[in-house]
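Hi everyone, thanks for coming along. Let me put the structure up and walk you through a few spots in it.

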Amino acid sequence: MLIERLKLNDFRNYESLLLRPDSGLNVIVGENAQGKTNAVEAIFLCAFGRSHRTSKDAELIKNGMSGGYVGLELKGLSGSRIIEIKLKFGERKQIFIDRLMAKRTGELMGALNAVMFSPEDLELVKGSPAERRRFMDMELSQLRPAYYYTLQRYNAALKQRNALLRPDIAKDAAELRKELYIWDEQLSRTGAEIMRMRAEFASRLSVIAGRLHKSISGERESLFVRYAPDVSVERLGGGDAQAALAEALYTGAMDDIRRGYTGSGPHRDELELSLNGANVRIYGSQGQQRTAALSLKLSELELIRAETGESPVLLLDDVLSELDEPRQRALLEAMSDCQTFLTCTTLEGLKRAGLRGINAWRCVDGTLERER
């Protein structure tokens with residue numbers, strides 16, 4: 001997959017930008033707070049329909065302006081495509097694919113496959129389970145657009161069920177249980193499908209991440225990835241995820257009423273990571289945690305290649321400075337067949353790594369000029 005042109009108007013601190021990137025490594029170099037991350041954020045926005053830094057679209061518009069624009073042209077095995085995001089202050093963003101307005105954000109999933117790695121992703125291992133669920137959800141949404149819609153339906157039903165459980169709403173418990181049952185059916189049906197796809201994803205991920213981690217660690221460590229659903233299918237449903245979820249929601253209804261929220265389901269799932277049999281999050285050193293996080297992110301590349309037959313676009317936001325030499329080497333090797341956008345404050349590290357023919361742009365206050 002190849003981005004041939006990126007255009008920005010009044011996006012973040014860019015008044016106007018027209019970038020024609022190269023097919024290999026594209027480096028955006030400059031001091032902090034000049035707009036390097038904003039450029040890769042625009043690409044991420046076209047891949048996922050949302051920013052990786054904020055949930056507020058208004059923050060994407062240049063200060064003082066009423067709207068903004070991000071557009072890119074890309075080429076893949078299925079041909080050429082145009083993705084455009086139009087932002088207007090106080091209104092919902094509009095997404096256009098090949099000049100036609102998308103009715104739902106889900107239509108964007110898979111149009112531009114991208115993998116992003118930033119310093120924040122190092123929290124993937126030592127952060128909360130929500131970080132690892134987000135990792136699964138983003139990757140699965142690209143690989144399986146149907147997953148994105150299923151997750152949306154699950155979250156909508158969960159929101160409605162939790163609204164019924166609000167402690168400030170006085171209701172008879174028996175009557176409330178009847179109303180909860182309506183949403184329990186939707187949650188168990190969509191939740192079972194989410195669990196099935198997450199389990200399959202984790203199984204494939206474990207094989208790839210384990211192999212990559214062995215290579216990066218010099219064969220000294222074995223990484224294992226396990227999907228740990230919040231609801232035990234074997235214990236509650238006899239192997240039937242929908243039955244297990246329905247039972248967990250039904251038997252936990254009174255506790256949910258007391259708590260004021262839904263306490264069971266895929267929204268509380270975990271992706272467990274173990275290193276030589278020990279939980280990496282709890283017992284791993286900082287170096288081991290970073291290697292595990294890198295292995296997971298690099299696994300995304302292989303999964304997308306295997307699924308789509310082409311490499312995704314790789315976005316590396318100031319991450320090389322956070323990695324030591326062996327981990328840098330592993331990341332640079334993974335870039336070999338990907339169009340890559342890398343931000344950094346200096347080119348010295350890339351030159352020391354032996355990279356030649358670097359395509360670099362200097363970023364200064366929302367402008368990009370090619371380095372000579």
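Ala157 belongs to helix α4, which spans residues 145-164 (helices being DSSP runs of H or I, at least four residues, numbered from the N terminus). This is a predicted model, so to say: local features need pLDDT of at least 70, side-chain atom pairs count only at pLDDT 80 or more, and totals for chains, interfaces and linings use all residues. Residues are numbered from 1 along each chain as its sequence is written, and side-chain values use heavy atoms, with hydrogens and water left out.

Is Ala157 buried or exposed? Its relative accessibility is 1%, so Ala157 is buried (under 20% relative accessible area; exposed is over 50%, partly exposed in between, with a 1.4 Å probe and protein chains only). Beyond its neighbours within four places in sequence, Ala157 contacts Trp183, Gln186 and Leu187, where contact means heavy atoms within 4.5 Å.

Now to the rings. How many aromatic pairs does a search of the whole structure find? Three, taking rings of Phe, Tyr and Trp (its six-membered ring) with centres within 6.5 Å; planes under 30 degrees apart are stacked, over 60 edge-to-face, the rest tilted. Phe135 and Phe201 have ring centres 6.1 Å apart and planes at 55 degrees, so this pair is tilted. Phe135 sits in helix α3 (residues 129-143) and Phe201 in helix α5 (residues 173-216), so the pair ties together parts 66 residues apart in sequence. Both Phe135 and Phe201 are buried. Tyr148 and Tyr149 make an edge-to-face pair, at 5.7 Å between centres and 75 degrees between planes.

Notes. Helix = DSSP H or I, 4+ residues; strand = E, 2+ residues; numbered from the N terminus.
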